[in-house]
Amino acid sequence: MRTVDIRVPATSANLGPGFDALGLALSLHDEVEATLTGERGVHVTVEGEGTGEVDLGERHLVVKAMRAAFDRIGVPQPEGIRLRCRNRIPHARGLGSSAAAVCAGILAARALAESELTDDDVLALATEMEGHPDNVAPCLAGGLTVAWSDHTGAPHMVKLAPDQRIRPVVVIPSTRLSTEAARGLLPKDVPHKDASFNAGRAALLIAALTQRPERGLLLAATEDRLHQHYRAPAMRESASLVERLRAVGVPAVVSGAGPTVLAFSTSDTQDLIAPEVGNDWHIQLMDVDPVGANVQFPETR
């Protein structure tokens, strides 16, 4: 038997104007202990988020990612897999729980197979399973990432370091929303002026997050016209909270596909957030995870 421990962060994608491109790694983590055993079959235990809900066999997302990675590496599928999952990332809330599971599975398989699968290969397979790279990029690399696909469809990313004064605040509702449902509300085409608007705001956001995290600059930089208002009917409370926070000067956006709300807390906005949030929400102050996914063998800890 051989065991590997994987630690993967929650992520927030889009960050307002950076639709399907920008992502941020957060200091909230899932932990997976993956073991190849001599016993046939898959055995999964789950603690925390997803307990009693997720599949505990072959359909578990970490297992599916491990299987896909073994196939991509070109090694025989193991006879037995045992997983122990300690989940802290809320499911279906726009915080990258599926990306975390996919990345954990691929990285576990790479480590256990002692494969030379490159980081680019890992990003490519994770993107293939997720459908887009905006969450898997920061999950793998940490920090602030810009992700894109080239003319062949291959994903790429650049990692940036946010200014240390940036403190993300996530405001998590009890309700859930699937990414597929949220994407189904988006139009096939958008006005040219809205695309141009978002291009400018996304560029400004990079400057604000990495060099000038000023309240006024962040507020302008997080404006969006491509996706949030189209998705608002599916998460009216989240859309309303974003509007209320922005009205008092807090740079707030929908995290990923929602319904979690992400706010950028600076020294002059910290006291403005809580009064706008009701009792049905969970507020959590985060740090930016600068490292991303971490892989360790227990004997080397």
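1. In strand E10, Leu 285 is the bridge partner of Val 169. Strand E7 (residues 167-173) and E10 pair in the antiparallel sense over five bridges; two strands count as paired if DSSP finds at least two bridges between them. Helices (H or I, at least four residues) and strands (E, at least two) are DSSP runs, numbered from the N terminus.

2. On the basis of the note: this is a predicted model, in which local features need pLDDT of at least 70 and side-chain atom pairs count only at pLDDT 80 or more, while totals for chains, interfaces and linings use all residues. Residues are numbered from 1 along each chain as its sequence is written, and side-chain values use heavy atoms, with hydrogens and water left out.

3. E7 and E10 belong to an open sheet of four strands in the order E8-E9-E7-E10, with antiparallel pairing. Its edge strands, each pairing on one side only, are E8 (252-254) and E10 (281-285). From one strand to the next the twist averages 20°. Helix H9 (residues 236-247) lies across E7, E8, E9 (261-265) and E10, and runs at about 165° to E8. Axes here are lines fitted to C-alpha atoms, for helices over the stretch in contact, and angles run from 0 to 180 degrees between N-to-C directions.

4. The loop between E8 and E9 holds Pro 259. A cis peptide bond, with omega of about 5°, joins Gly 258 to Pro 259.

5. Which strands pair with E2 (residues 22-37)? Seven bridges join E2 to the antiparallel strand E4 (residues 80-87), where Arg 86 is the partner of Glu 31. Three bridges join E2 to E5 (residues 144-149), also antiparallel; there Leu 144 is the partner of Leu 24.

6. E2 is largely enclosed by the rest of the structure, because 14 of its 16 residues are buried. Buried means under 20% relative accessible area, exposed over 50%, and partly exposed in between (1.4 Å probe, protein chains only).

7. The axes of helix H1 (residues 61-73) and H2 come within 7 Å and cross at roughly 45°, which makes H1 oblique to H2. Angles under 35 degrees count as roughly parallel, over 145 as roughly antiparallel, 65 to 115 as roughly perpendicular and the rest as oblique. The contact of H1 with H2 divides into 13 nonpolar, two polar and one charged residues. Ala, Val, Leu, Ile, Met, Phe, Trp, Tyr, Cys and Pro count as nonpolar, Asp, Glu, Lys and Arg as charged, and the others, Gly among them, as polar.

8. Helix H2 (residues 97-112) also packs against H3 (residues 119-130), at an angle of about 140° and with the axes 10 Å apart; these two helices are therefore oblique to each other. Residues of H2 that meet H3 include Val 102, Cys 103 and Ile 106, contact meaning heavy atoms within 4.5 Å. By class, this contact has nine nonpolar, one polar and three charged residues.

9. Asn 14, in the loop between E1 and E2, has a positive phi near 80° and is buried, with a relative accessible area of 3%. Ala 92, in the loop between E4 and H2, has a positive phi of about 55° and is partly exposed at 29% relative accessibility.
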